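Here is a short report on local features of one protein model.

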Amino acid sequence: MQKFGLSQSTRRAEDPRLLTGRGAYVDDTAPAGALYAYVLRSPVAHARIAEIDAEDARGMPGVAAILLASDIEAADVLNHLPTTVAKNRDGSSAADPQRPILARDVVRFVGEPVALVVADTLAQARDAAEAIMVDFDDLPVKVDVAPGGPALHEEAPDNVAYDYAKGDEEACEAALARAARVVELTVDDNRIICASLEPRGVWAEPEGERLHVCVNGQGVWGIRDQVADSLRLDREAVRVTTPDVGGGFGMKANMYPETVLVPHAARALGRAVRWMGDRSEAMLSDNAGRDLICHAKLGFDEDNRLIAYRMDNVANMGAYNSGYAQHIQSELFSKVMPGCYDVQACFMTSKGVYTNTTQVDAYRGAGRPEAIYVLERAMDYAAKKLGVDRFDLRRRCFIQRDQFPYVSAMGETYDVGDFPRVLGRAMAEADVAGFDARRQESGARGRLRGLGLCYYIESILGNPTEHAEIEFTADGRVSLYVGTQSNGQGHETVYRQFLATHLGVAPEMVDIVQGDSDRIATGGGTGGSRSVTTQGTANRATAEKVVEKFTPFVADLMEVEEVAFEDGAFRSPGSNRVIDVLEAAAEARKAGREDLLRTRETTKLPGRSYPNGAHLCEVEIDPDTGHLDVVKYTVVDDFGNLMNPMLAEGQVHGGVAQGIGQAVSEHVVYDEDGQLLTASFMDYGMPRAVALPMIAFHSEPVPSTANVLGMKGCGEAGTVGAMAAVGNAALDALWPLGLRRVDMPFTPARVWAMLQQAKGSLAAE
């Protein structure tokens, strides 16, 4: 089975089904005859609801129900979404305004749900929604990310969501005070929309006394619990399933109003109800990401070693808290320093809803790129200000291999790493030595060329506990039950590889069972690149338990005293007899040994793993038009042991594309009235293939010690490194012109404006 085992680049098992239109997504699986739901959303950013008149709409053809806030509250539905709050710097709790499922008295962002219409057809539901008369009394709109202004919530005075700090401020300030050189830089991390290939959707139907909810999320158990709690049901009375999912990226891990409204409607009407969001709905109502401004202050000693940094962040939380947004904090950089301090001031605005402050789960995956983006932009800026080589500056600051395990200033324990080796490989693969010649050639064509570096490190874990179950079925196949949820990453392929490696079962004989709260007892879902590490460890432990349980049975079957499991089969020393696992399972079934046919194990990882790597990007800028092209891109990653190198490379390619997308074209824009101006792909600049170069990927692994497989996770790494690499390349190209602050996105209009500034046509900052 080595051909199909771990560390082999086997092709994705999912692709023949998905690429030939045989995928089963949430909208494909809705029951026949299901009613259609449509959400009436607020057209204004901030207003008091003076009156809602839905009587005419209720009598329109095909309308089965219209639900307002008063209706669901009368039905004892909990009319707010769950959330958690952090602690302020003074130890008090952060602001905790409730986010209603349906707006009660006030709407606070364009797109906030006001009513749910259920009808026989989607067209009828839309028509009825248009007939609902809502009288809004406009309130002042809050769009600036700053204290003060019109209050969105009584619970958030001055619109301050929370004021958070992490680290040792005194040690940091002392280190900065004694630093030989201090460099400061302010960078803008622009707001972006997730824009998953498949928008959010949900359907629900009664199943006897129970309720079946199908949602395209990232894990079923949290949704099951939250739906049950909102509808005041026992959790065992709700079954949640998840079919194929067209992209999750953290955004679909959150709870949304529709995930409660649709099940409530199905239960109240006694019929199946379906809802599928369209693209503009998604752009208006999905939780967004990024949207912060950070001021970095870095202190260096006489040898240009980084000894301290301070980050002061101002973040836009949007109109409401969502999920665990306040608890997702920035991770540390891979530098040695005695002082580190991170301050976050987060404000409420009328600009949609925000998923987080310093992590990017809302945006197509990625672990803490905000922190890496700021630090690596500041490092390249510092190298230029200090007049030192950017590569040498990193080498001086790296944790060295013999210093691991290393405890950081924040108490994070890095287990292993070889940062100088990874950086050296990246420089060689990217032909850094030949860059000057390429810059001269670009200059001869009238182009400005720049080289950007980002050396990133991220942490992988999430929930450290995961479960797996292996069942030998009556048809001679194997079912592997997992607690994670594929959103397109290739889980089916990799998990089959685990059983090929550890049990010798051919991949085509394995069925992956996921996304069903009835069939799988519990699980941690997917997010933060945890799947392959946590689920992989559980898969391996369960396979080893299968071998352990079967060994004495096979020995009795062979009538021998000793049996070993080697090369995917049971063998007896000194005998030519060989029995594979499927044959052993068939014999166990004949013998009535049901205890051997199903095995479940739970594992818990002892700590995080730390993927890291170097991204090198080269850009060309046309000074006449401001157009920026990413012309060369090289990645060297330390992901530890790779389970499937081809899938890992694909994850990196996708992540880099996403990072380049934000850096070059993606940008959420609201006007002064809180109206979203980028609510379609006509206005929102998604990355396209024509704008992307070939991406060279190389692996330089240092196996993790935090799991038995030596893995580190890779789903988010591409985006983590790409933003700063492109940003630093743009800075490098524009630095000779006197420009010192260049912020994403590098659209032609923005870059052209920077060039005019450099020429003196615009006022200097």
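## Local features of the model

Glu559 is exposed, at a relative accessible area of 73%. Here exposed means over 50% relative accessible area, buried under 20%, and partly exposed in between, with a 1.4 Å probe and protein chains only. This is a predicted model, in which local features need pLDDT of at least 70, side-chain atom pairs count only at pLDDT 80 or more, and totals for chains, interfaces and linings use all residues. Residues are numbered from 1 along each chain as its sequence is written, and side-chain values use heavy atoms, with hydrogens and water left out.

**Backbone geometry**

Most residues other than glycine have a negative phi, and most peptide bonds are trans. Glu559 has a positive phi, near 60 degrees. Its place is the loop between helix H14 (531-558) and strand E22 (564-566). Helices (H or I, at least four residues) and strands (E, at least two) are DSSP runs numbered from the N terminus. Ala195 also has a positive phi, near 55 degrees. Ala195 sits in the loop between E8 and E9. Ala195 counts as buried because its relative accessibility is 11%.

| Cis bond | Omega | Loop of the proline |
|---|---|---|
| Phe404 and Pro405 | about -5 degrees | between helix H10 (390-397) and strand E16 (406-407) |
| Met744 and Pro745 | about -5 degrees | between helix H17 (717-734) and helix H18 (748-758) |

Ser196 lies in the loop between strand E8 (181-189) and strand E9 (201-207). Ser196 is buried, at 1% relative accessibility. Its side chain reaches the backbone oxygen of Glu198 at 2.9 Å. A polar contact is a pair of N or O atoms within 3.5 Å; within protein, one must be able to donate a hydrogen and the other to accept it, and residues adjacent in sequence count only if both atoms are side-chain atoms. Beyond its neighbours within four places in sequence, Ser196 is in contact (heavy atoms within 4.5 Å) with residues including Gly246, Phe249 and Arg279.

His46 is in the loop between strand E1 (35-41) and strand E2 (47-53). His46 is buried too, at 5% relative accessibility. A polar atom of its side chain lies 2.5 Å from the backbone oxygen of Pro140. With neighbours within four places in sequence left aside, the contacts of His46 include Val106, Arg108, Asp138, Leu152 and Ser350.

**Cysteines**

How many disulfides does a search of the whole structure find? The search gives 0, where a disulfide is a pair of cysteine sulfur atoms within 2.5 Å. Cys617 is in no disulfide; the nearest cysteine sulfur, that of Cys454, is 11 Å away. Cys617 is buried, with a relative accessible area of 0%. Cys294 is buried as well, at 2%.

**Enclosed space**

The whole structure has 7 cavities of 30 Å³ or more. On a 1 Å grid over the protein atoms alone, a cavity is a set of points where a 1.4 Å probe fits but cannot get out; lining residues have an atom within 4 Å of a point. Grid points are joined across faces, edges and corners, and a volume is the space filled by probe spheres set on the points.

The second largest cavity holds about 80 Å³ of space. Its lining has 13 residues, with Arg200, Val215, Asn254, Tyr256 and Thr259 nearest its centre. By class, the lining has 6 nonpolar, 5 polar and 2 charged residues. Ala, Val, Leu, Ile, Met, Phe, Trp, Tyr, Cys and Pro count as nonpolar, Asp, Glu, Lys and Arg as charged, and the others, Gly among them, as polar.

Note on methods. 1 Å grid on protein atoms, 1.4 Å probe; cavity = no way out; pocket = protein on both sides within 12 Å on 5 of 7 lines; lining within 4 Å.
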